[in-house]
Amino acid sequence: MSNSADWIYLASQSPRRRQLLDQLGVSHRLLLPDADEDAEALEAERAGELPLDYVQRVTLAKWEAAVARLQRRQASAPGDWPKAPVLCADTTVALGARILGKPQDAADAAAMLTALSGQRHQVMTAVAIEGRLMVSVSTVHWRVLDADEVARYVASGEPFGKAGAYAIQGRSGAWTERIEGSYSGIMGLPLFETAELLQPLGWQF
């Protein structure tokens, strides 16, 4: 791979997104929120908002917040924060028109997993780089889960911090009969869309 830029800023704490950027061979530096930023507020749902609209709005809001963050840091310490593209992403799980975000507690996680049991649902991940946005939409088919399986999974701690209360690359992969779409998108960063956004900036894959 050759590119005119050497690296990008990743405005995400997700280790999965770091792993997927590494898979593409894209060097990156974290651009995480300041202590006084309320990053979680950007993920608040709006009444009647559909999942696709939600994930696009939140991703662009996160990207705008990250760019403003970078500009503040460049103003105070320009040598420490050189210019580079900023990447943001957001993933949501949709059961019909219902948005399943990150579970608040064990009971919330169990309720989400039970709702997904035996159902077909969608996973939407939006990616924004330099103000351009693309969305990956995948369909996931789960087998029926019993209460003990749900309880064990919640007790493992894996559901927390993840949209829909699960990670497909983790134990829940055993429940996934099939997917239609992008496995990397379900993980949290669709590689095809990410590459499409990076190529105009000089990356070649």
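Predicted model: local features only at pLDDT ≥ 70, side-chain atom pairs only at ≥ 80, totals over all residues.
Trainee: Why is Ala165 called buried?

Mentor: The cut-off for buried is under 20% relative accessible area. Ala165 has 0%, so Ala165 counts as buried.

Trainee: Where does Ala165 lie?

Mentor: In the loop between α4 (147-156) and β7 (176-180).

Trainee: What makes the phi of Ala165 worth a remark?

Mentor: Phi is near 70°. That is a positive value in a residue other than glycine.

Trainee: Which value does phi of Glu130 take?

Mentor: Near 55°, a positive value, and Glu130 is not glycine either. Glu130 sits in the loop between β5 and β6.

Trainee: Why is Glu130 called partly exposed?

Mentor: Buried means under 20%, exposed means over 50%, and partly exposed is in between. Glu130 has 40% relative accessibility, so Glu130 is partly exposed.

Trainee: What makes helix α6 mostly covered?

Mentor: The helix spans residues 191-198, and six of its eight residues are buried.

Trainee: Which residues of α6 are buried?

Mentor: Leu191, Glu193, Thr194, Ala195, Leu197 and Leu198. Each therefore has under 20% relative accessible area.

Trainee: What covers the buried residues of α6?

Mentor: Strands and helices are among the cover. The strands include β1 (8-10), β3 (86-95), β5 (120-129) and β6 (132-142). The helices include α1 (15-24) and α5 (183-187).

Trainee: How much space lies in the largest pocket?

Mentor: About 690 Å³. The lining has 33 residues, and Ser12, Arg17, Glu43, Lys62 and Lys102 are the closest to the centre. Elements giving two or more residues are α1, α2 (51-76), β3 and α5.

Trainee: Which element gives the largest share of that lining?

Mentor: β3, with five residues.

Trainee: How do you know that Arg17 counts as a charged lining residue there?

Mentor: Arg17 lines the largest pocket. Arg is in the charged class, along with Asp, Glu and Lys. By class, the lining has 17 nonpolar, seven polar and nine charged residues.

Trainee: What lines the second largest pocket?

Mentor: That pocket holds about 260 Å³. It has 15 lining residues, and the closest to its centre are Glu43, Tyr54, Gly101, Lys102 and Gln104. β3 and α3 (106-116) each supply at least two residues. β3 gives the most, with three.

Conventions
Residues numbered from 1 in each chain as written. Heavy atoms only, no water. Buried < 20%, exposed > 50% of the residue type's maximum accessible area, 1.4 Å probe, protein only. Helix = DSSP H or I, 4+ residues; strand = E, 2+ residues; numbered from the N terminus. Contact = heavy atoms within 4.5 Å. 1 Å grid on protein atoms, 1.4 Å probe; cavity = no way out; pocket = protein on both sides within 12 Å on 5 of 7 lines; lining within 4 Å. Points joined across faces, edges and corners; volume = space filled by probe spheres on them.
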